[in-house]
Structure formats: C-alpha cells, structure tokens
Amino acid sequence: MSTRIPLLLAALGAFALGLWFAFSLHPEPEPTGGYVLDQPRALPAFELVDEQGRTFSSEDFQGHWSVLYFGFTYCPDICPNALSVMAQVKGTLDDVDGLDDRYYLVSVDPDRDTPERLAEYVTYFDPAFHGVTGDFAQLDLITRAAGAVYKVPEAPEDENYLVAHSSTLTVIDPEGRIHAIFTSPFDPRTIARDLERLDEGWPSS
Amino acid sequence: MITTRSFVMLALATTLLPALCWADVTVEDAWARATPPGAKTAAIYLTLNNGGEDTALVAASTSFADKTELHTHVHADGMMRMEEVPAIDLPSGGTAVLKPHGDHLMLFGLRQGLEPGATVDLELTLENGRQLKLDVPVRDGRKR
C-alpha cells in the first residue's frame, strides 16, 4: 500500500493536469458544476461484483449514463451526504424523458462491504442504486482511470477503521468512457442540469 | 477557627465553581444522522456555546454505540479523512460547531439503527470534568 499511494498521487496529479488542459482548451461553454473532459477517457477492462453478487465489468456501463461515487458503507458522514446528493440528482432527472441514468457506489473497502452489505446500504438512498466492489487490483484499475484515490489502513486494530478517499462524482457516458467529474461540494440541482445538458448534446440521443 | 472557615469556603468554592462552569456551556442544534439498514457507524452533530471559562470537549458516550470518538475532517492529498482528536476546544465566549463535512461525534459499533424520530442519549465530558447529558433527536439526513 505504501508504494501504491505515491503512484496514485502521481496519477492524480497527471490526471488533474490533463483535466485542466482539457478544460482550458475547450471552446464550448462548460457546465459549471464540474469538469467535462475534452477527450472522454476509456476505462480499462475490469471485473468487479455488484450488490446482487453478479460480475460487473466495463461492458455494464454501455448504453446509458452512469454516475459513480467512490466511498465505503462504514463512512458515517461524507458518503451519506454524497449518496443523498446522487438521490436528489436522480429524483430531478426521473422527470426527464429518454435520459437513462444509473447510479453506483464503488466501495473501496471490499473487506467489509460485501454485496449484501452494499445492497442494503445503497438502496436506502434510492431503490434503483447499485453498489460494486472487488479486489484491490481490480478497484485500482477503475479508480486510477477516474483519478480517484483512497487509502485503507494496512493493519487495522479492529473492524472499526476508516478509509480515506477522494470525494468526486464521476460521470460515465453511454460509451462507457469517463466523461465528466464533479468535485465537492456538490450541488444536486447544478449536477442534474449539467447531466441533462450532456445528454442533450449526446449524438445518439 | 480560620482554618475551619477557610476549609468551608474552599469546599463551597470547589463544589459550586464547576457547576457554574457547566451551566455556561450549552448545547444547541444537536442531531444524529439516521442510519441505513445494517449500519455499524453513525454521526452526531451539535453546536457548543461556551459562556464560561476556557475548556474543551474531551469525551462523549452513548448507550447506542460501543465507542464514541471526537472526529475531525482532514482534507489532504486529494482525500477526505476522518481523524480522531483528543479534544475539541471551547474557548471562553466561543462556539464549536460540529456539522456534516466537519467536526462530529463518531459512533462505532452501533448497537441498533438510528430511526428518524427516535432520540439518542448522549453524555459529553468537558475538560473541567463536568458532564452534560442530553437527548439527541435522530433526523433523516437524506433530506435537505
């Protein structure tokens, strides 16, 4: 883990620079709630498990918009706030015809967040929410691509440990690519509006 | 004679002084975030006003959890991290606001879920040794 963190930070730095570069070159007016990547970034192939215990891969992002939050269910403060924001965004967009949007908690705490645990947690915020997790090697594939960082304690004393993590809402487009990133603090109305705009500008819609 | 009187005065002073200090620290806007099913952790938020001498919040406990810690929110290396702190300062005349995305009371080993409308017993211990007991209402944190 100790060697993983500098690498992740370097990746995040490079990603942030890329975002800034993309943002500064983009000629179109931008949504104000986050950053739209100038060139959407394809996700590497990964294999996770969802809240039903089913295999979840990058293919599952195809054909609809997805909003991801990287966190963990033992998180008492930041994650419930973020998932509540996602629920409010979804609630707003439920009235928009033709917008196929799905919402995921990607747990970076697979040792405690079993599929069963994820199911009861995410559906508390919205019955249609999904939870996915997997082993750290697989999680790192998706977190690195998304510019998300996290740190699980190496040898926790007991089960009462906390996981440090970045707090962003990552938007995956219907081609399964990272398309936009919203940073904290989140404003549900702005995010919903921006997602609607992204969908309106989507070629196939 | 003088010794006895001094003793009585001292005894009175040591008995009354902490009581006065206690009265000077008040709690408002306390609430506990309702928990999702199966939750093992929870958070309590509140505002402490200190109209007395400098002191600090040094401990908290509730019958709802195995362990209650004072936590602060650290934003470093692009990550959010909850960290235990030994005390939350309550300077004389000052206010400490424990709120979402900031300082909060962290409940570990939750013994039962926190349902909206329920109340959580909470005992706060100050640096001067005084304790405040209060009932904290549970609110649904999903709504704004």
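Predicted model: local features only at pLDDT ≥ 70, side-chain atom pairs only at ≥ 80, totals over all residues.
1. Overall make-up of chain A. Five helices and ten strands form the secondary structure of chain A, and 45% of its 205 residues count as buried. Of the contacts in chain A with a separation of 6 or more, 69% are between residues 24 or more positions apart.

2. The sheet of chain A. Eight strands of chain A form an open sheet with mixed pairing, in the order 1-10-9-4-5-6-2-3. At its edges stand strand 1 (34–42) and strand 3 (55–57) of chain A, each of which has a single partner strand, so that one side of each is left without a neighbour in the sheet. From one strand to the next, the twist averages 30°.

3. One pairing within that sheet. Strands of a sheet pair through backbone hydrogen bonds, and the pairing is either parallel or antiparallel. In chain A, strand 4 (residues 65–71) and strand 9 (residues 168–172) run antiparallel and are joined by four bridges; Val67(A) stands opposite Val171(A), which belongs to strand 9 of chain A.

4. A helix across the sheet. Helix 5 (residues 188–200) of chain A lies across strand 1, strand 4, strand 5, strand 9 and strand 10 (177–183) of chain A, and its direction is at about 160° to that of strand 10 of chain A.

5. The buried side of helix 3. In helix 3 (residues 115–125) of chain A, the buried residues are Arg117(A), Leu118(A), Tyr121(A), Val122(A), Tyr124(A) and Phe125(A). Because these residues cover an arc of only 150° around the axis, they are on the same side of helix 3 of chain A. What the buried residues of helix 3 of chain A pack against is helix 2 (78–93), strand 5 (101–107) and strand 6 (130–133) of chain A.

6. Overall make-up of chain B. Of the 144 residues in chain B, 31% are buried, and among contacts between residues at least 6 apart in the sequence of chain B, 71% join residues at least 24 apart.

7. The contact between the chains. Chain B gives 23 residues to the contact and chain A gives 24 residues. On the side of chain B that touches chain A, the elements that give two or more residues are strand 2 (41–50), strand 5 (79–84) and strand 8 (104–110) of chain B. The residues on that side of chain B comprise ten nonpolar, seven polar and six charged ones.

Definitions and conventions:
Residues numbered from 1 in each chain as written. Chains lettered and ligands numbered in written order. Buried ≥ 20, exposed ≤ 12 C-beta atoms within 10 Å, placed from the backbone. Arc of directions from axis to C-beta. Contact = placed C-beta atoms within 7 Å. Nonpolar A, V, L, I, M, F, W, Y, C, P; charged D, E, K, R; others polar. Pairing = 2+ DSSP bridges. Axes fitted to C-alpha atoms, helices over the stretch in contact; angles between N-to-C directions.
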